[in-house]
Amino acid sequence: MLRIEKIGDVMSEFAVKISSLNKSFKKDQPILKEINLNVEYGEMVGLIGASGSGKSTLMRLIAGFETIDNGNGSIKLFGSLCQANGQKTSAIKTLRSDIGIIFQQFNLVGRLTLLMNVLVGRLGRVGRLQGTFGVFPKNDRIKALQALERVGIVDKAYQRASTLSGGQQQRAAIARTLTQEAKLILADEPIASLDPGSAEKVMRTLRKINKQDQVTVIVSLHQIEHAFKHCDRIIALKEGMVVHNSKVSDISQKDIENLYDVELSEKKDHLWDFTKDIPKELDKVPLHKISSTVSNDYEIVSSRNVN
């Protein structure tokens with residue numbers, strides 16, 4: 001059922017609404033061409049396509065890191081106009097605290113503890129002086145510990161980030177968005193540098209947060225089996241254009257072969273069947289049976305020394 005959310009005085013059906021978007025970095029060399037798409041509140045959308053298809057550029061435009069070309073294009077987030085006619089609006093500054101970004105390279109400060117890295121998610125919601133000196137209220141520190149517990153690494157809270165594995169660091173980046181209380185998570189190839197087991201844990205964590213908190217998630221992926229397994233909908237880009245925008249079950253193997261200009265060796269009805277490459281022991285537990293630790297968060301953090 002479609003959720004309609006009110007943001008201030010604006011009634012919006014979509015968390016993200018993109019209309020007639022074009023983007024070029026050089027004249028007559030468009031990266032994205034006439035992009036039109038909507039993402040509903042609480043959806044988890046997989047963005048797929050070959051390298052150079054425009055996935056990362058689209059994510060950066062939604063995040064407000066890049067500006068769309070002049071013309072009729074526009075980007076709305078939570079019902080508020082953020083970009084139009086080649087310019088960003090003042091709304092983007094207000095909305096940035098509601099957008100959590102997860103990058104391929106984790107973006108943690110290695111010399112800081114994991115807890116302090118996760119507390120960075122609160123910077124948009126505390127005073128400038130507090131943020132500058134890294135002084136966070138006790139409630140914020142509790143939020144950060146709760147977030148680390150939800151992603152399964154609260155026992156690493158006081159370790160330097162540089163001592164953790166890639167998968168643990170990426171889960172910490174997800175915890176940072178939880179602490180931020182983001183309404184929209186943009187994950188740009190978050191598992192590209194991870195081993196299969198760690199990649200599966202990160203994707204399961206994102207999906208669990210999406211389902212439990214109704215946070216909207218857009219995740220770009222090269223590992224298409226994860227997109228088909230964990231996402232509600234697939235948006236496929238080819239040469240800067242949207243060539244597929246549909247439910248997972250509506251995309252066939254032939255569609256994927258055309259998207260990547262390859263011929264797959266095995267014939268299957270849907271790409272879902274190609275998830276066999278994921279480690280079997282991780283694939284046996286259905287998503288809905290993953291236990292939640294949210295109800296135990298307070299007991300966990302109250303037993304720790306939160307100063």
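**Figure 1. The second largest pocket of the predicted model.** The second largest pocket has a volume of about 220 Å³. A pocket is an open set of points, on a 1 Å grid over the protein atoms alone, with protein on both sides within 12 Å along at least five of seven lines. Grid points are joined across faces, edges and corners, and a volume is the space filled by probe spheres set on the points. The lining, made of residues with an atom within 4 Å of a point, consists of Ser-97, Gly-100, Ile-101, Val-120, Gly-121, Leu-123, Gly-124, Arg-176, Thr-177 and Gln-180. Two or more of these residues come from each of β9 (99-102) and α6 (166-180), and α6 gives the most, with three. Helices (H or I, at least four residues) and strands (E, at least two) are DSSP runs, numbered from the N terminus. By class, the lining has three nonpolar, six polar and one charged residues; here Ala, Val, Leu, Ile, Met, Phe, Trp, Tyr, Cys and Pro count as nonpolar, Asp, Glu, Lys and Arg as charged, and the others, Gly among them, as polar. This is a predicted model, in which local features need pLDDT of at least 70 and side-chain atom pairs count only at pLDDT 80 or more, whereas totals for chains, interfaces and linings use all residues. Residues are numbered from 1 along each chain as its sequence is written, and side-chain values use heavy atoms, with hydrogens and water left out.

**Figure 2. Helix α6 and the residue that follows.** The 15 residues of α6 reach 21 Å from the first C-alpha to the last, close to the 21 Å expected at 1.5 Å a residue; the expected span is 1.5 Å times one less than the number of residues. Because 14 of its 15 residues are buried, α6 is largely enclosed by the rest of the structure. Buried means under 20% relative accessible area, exposed over 50%, and partly exposed in between (1.4 Å probe, protein chains only). Just after α6, Glu-181 takes a positive phi of about 60 degrees. Most residues other than glycine have a negative phi.

Figure 3. A search of the whole structure finds one cavity of 30 Å³ or more, a cavity being a set of points where a 1.4 Å probe fits but cannot get out. About 40 Å³ of space lies in the largest cavity. Its lining is formed by Leu-37, Val-45, Leu-47, Leu-58, Ile-62, Ile-218 and Ile-235, which divide into seven nonpolar, no polar and no charged residues. At least two lining residues are supplied by each of β5 and α1 (55-63).

**Figure 4. Nonpolar cores.** A nonpolar core is a set of buried Ala, Val, Leu, Ile, Met, Phe, Trp, Tyr and Cys residues joined through side-chain atoms within 4.5 Å. In the largest core, of 48 residues, Ile-48, Leu-148, Leu-206, Val-219 and Phe-228 touch the most other members. Leaving out residues up to four places away in sequence, Leu-148 touches Leu-114, Leu-115, Val-118, Ile-153, Val-154, Ala-157 and Ala-175. Another core, of 30 residues, lies apart from the largest one and includes Ile-18, Ile-35, Leu-37 and Ile-68. In soluble globular proteins, nonpolar side chains tend to be buried together.

**Figure 5. The loop between β10 (184-188) and α7 (196-213).** Ile-191 lies in this loop and counts as buried, at 0% relative accessibility. Beyond its neighbours within four places in sequence, Ile-191 is in contact (heavy atoms within 4.5 Å) with Ala-199, Val-202, Met-203, Leu-221, Gln-223 and His-226. The C-alpha atoms of Ile-191 and Gln-105 are 9.3 Å apart, although 86 residues separate them in sequence. Glu-189 is found in the loop as well; at 13% relative accessibility, Glu-189 counts as buried, and its phi is positive, near 50 degrees.

**Figure 6. Helix α9 (residues 253-260) and Asp-261.** The buried residues of α9 are Gln-253, Asp-255, Ile-256, Glu-257 and Leu-259. These residues pack against β5 (44-48), α8 (224-230), β12 (233-238) and β13 (241-247). Asp-261 follows α9 and belongs to the loop between α9 and α10 (280-283). Although not a glycine, Asp-261 has a positive phi of about 55 degrees; at 60% relative accessibility, Asp-261 counts as exposed.
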